Each structure stands twice: as C-alpha cells, then as structure tokens.
Amino acid sequence: MTKWKRAVVGVSLLAGCQHYSAVEQSVAMRLYLGEQYLQIKQLSHAERNFRKVVALQPNNVQGWWGLAQIAAQQGDTLKAVSYYQRAFKMAPENTQLSDNYGAFLCTLGQYDEARRIVKRDEKTVGNQNSGKENPCLPDSSR
C-alpha cells in the first residue's frame, strides 16, 4: 500500500473514532437532559431527548426506560408497557428498572405480571426480593 493510501485509511479510521466519540457524547448529554427534564416534569423536552437517544442507539436501555416513564406519566398505558418491555428485555438484571416496571404494573392492577418480574429479578440478581409475597406492597426491608 502506498503512503498516500495508508494516510487516507489512517485519517478515515481516526475520523470514524471521532464520530463514534461524538455520538457517545451526544447520547450521554441527551440522557442527562432527558432525566433532568423528567424530574422537573417537562415531559415534552424529556421525550425529545430520549427519542434522540434511541434514534442514535436503538438498544439504549435508559432511553427506552425514560420513554416508558414519560408515557406512564402521560397516561399512555400501551406505549408505556411497550417501552418498559423493550427496556426490560435488554436489561433484566437492572434491579431499578425491574422495580420501576413492577411498580408500574401494580398501578395497572397487573399483580401476577409484577410478581413474575420480581421473581425473574430474583433469579437474575439474587434473593434480595425473596419472601415478598406481593411485589405491590411496600417492603420494609428495603
């Protein structure tokens, strides 16, 4: 390979790395903004940021989880369930996500499904939820 071709390949690889870094930085900033807007109930701003995250990284658990929380707060149960399921399939070991998803299912009266999520959580990460008959009741040991 000539020096010129090696230089082009080298610059191309570096440009690719810079692009990847820019995408990662954009995703991190969008997640941060989405979470901040969600906390202050600016749902349209939060949704815009989380949508950008999942557009850039379709397998980003936090992006889908954020969209699920927004849909739940807006009363769009079907979307919320869909987004929660998508996030949970990607990260069943995430105890905060499974607790949040289970609590949401409890608000819908889907106690059996919430119990299934908690039991799956127990199998995945250990017995920290064991002994909990109803995952919809507060647990004083937590």
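Predicted model: local features only at pLDDT ≥ 70, side-chain atom pairs only at ≥ 80, totals over all residues.
Reader: Why is Lys41 called exposed?
Author: The relative accessible area of Lys41 is 56%. Exposed means over 50%, buried means under 20%, and partly exposed lies in between (1.4 Å probe, protein chains only). Lys41 is therefore exposed.

Reader: Where is Lys41, and what makes its phi worth noting?
Author: Lys41 sits in the loop between α1 and α2. Its phi is positive, about 65°, although Lys41 is not a glycine.

Reader: How many helices and strands does the protein have?
Author: Six helices and zero strands. Along the sequence the pattern reads α-α-α-α-α-α. These elements are DSSP runs numbered from the N terminus: helices are H or I of at least four residues, strands are E of at least two.

Reader: What makes the α3 and α4 pair roughly parallel or roughly antiparallel?
Author: The angle decides. The axes of α3 and α4 cross at roughly 155° and come within 8 Å. Axes are lines fitted to C-alpha atoms, for helices over the stretch in contact, with angles from 0 to 180 degrees between N-to-C directions. Under 35 degrees counts as roughly parallel, over 145 as roughly antiparallel, 65 to 115 as roughly perpendicular, and the rest as oblique. So α3 and α4 are roughly antiparallel.

Reader: Which residues of α3 and α4 meet?
Author: From α3, the residues are Val61, Trp64, Trp65, Leu67, Ala68, Gln69, Ala71 and Ala72. From α4, they are Lys79, Ala80, Tyr83, Tyr84, Arg86, Ala87 and Met90. Contact means heavy atoms within 4.5 Å. By class, this contact has 12 nonpolar, one polar and two charged residues. Ala, Val, Leu, Ile, Met, Phe, Trp, Tyr, Cys and Pro count as nonpolar, Asp, Glu, Lys and Arg as charged, and the others, Gly among them, as polar.

Reader: Why is α4 called roughly antiparallel to α5?
Author: The axes of α4 and α5 cross at roughly 155° and come within 11 Å. That angle makes α4 roughly antiparallel to α5. On the α4 side, the contact uses Thr77, Ala80, Val81, Tyr84, Gln85, Ala87 and Phe88. On the α5 side, it uses Leu97, Ser98, Asn100, Tyr101 and Phe104. Eight of the contact residues are nonpolar, four are polar and none is charged.

Reader: And how are α3 and α5 oriented, and why?
Author: Helix α3 (residues 61-73) and helix α5 (residues 95-107) pack at about 20°, with axes 12 Å apart. They are therefore roughly parallel. Val61, Trp65, Gln69 and Ala72 of α3 meet Gln96, Leu97, Asn100 and Phe104 of α5.

Reader: What is the handedness of the α3 and α5 crossing?
Author: Left-handed. That term applies if the near helix is turned anticlockwise from the far one by less than a right angle; clockwise is right-handed. The crossing of α4 and α5 is left-handed, and α3 passes α4 in a left-handed crossing.

Reader: What makes up the largest nonpolar core?
Author: It has 30 residues, and Phe50, Tyr84 and Leu97 have the most contacts inside it. Such a core is a set of buried Ala, Val, Leu, Ile, Met, Phe, Trp, Tyr and Cys residues joined through side-chain atoms within 4.5 Å. Two or more residues come from each of α1 (3-39), α2 (43-56), α3, α4 (77-90), α5 and α6 (111-125). The largest share, seven residues, is from α3.

Reader: What does Tyr84 touch?
Author: Trp65, Ala68, Gln69, Leu97, Asn100, Tyr101 and Phe104, leaving out residues up to four places away in sequence.

Reader: Why is Ala72 called partly exposed?
Author: Ala72 counts as partly exposed because its relative accessibility is 26%. Ala72 lies in helix α3. Beyond four places in sequence, Ala72 touches Ala80 and Phe104.

Reader: Is Gln62 buried, exposed or partly exposed, and what shows it?
Author: At 40% relative accessibility, Gln62 is partly exposed. Gln62 is in helix α3. Beyond four places in sequence, it touches Leu31, Glu35 and Phe50.

Reader: How many residues does the protein have, and what share is buried?
Author: Of its 142 residues, 31% count as buried.

How values were computed
Residues numbered from 1 in each chain as written. Heavy atoms only, no water.
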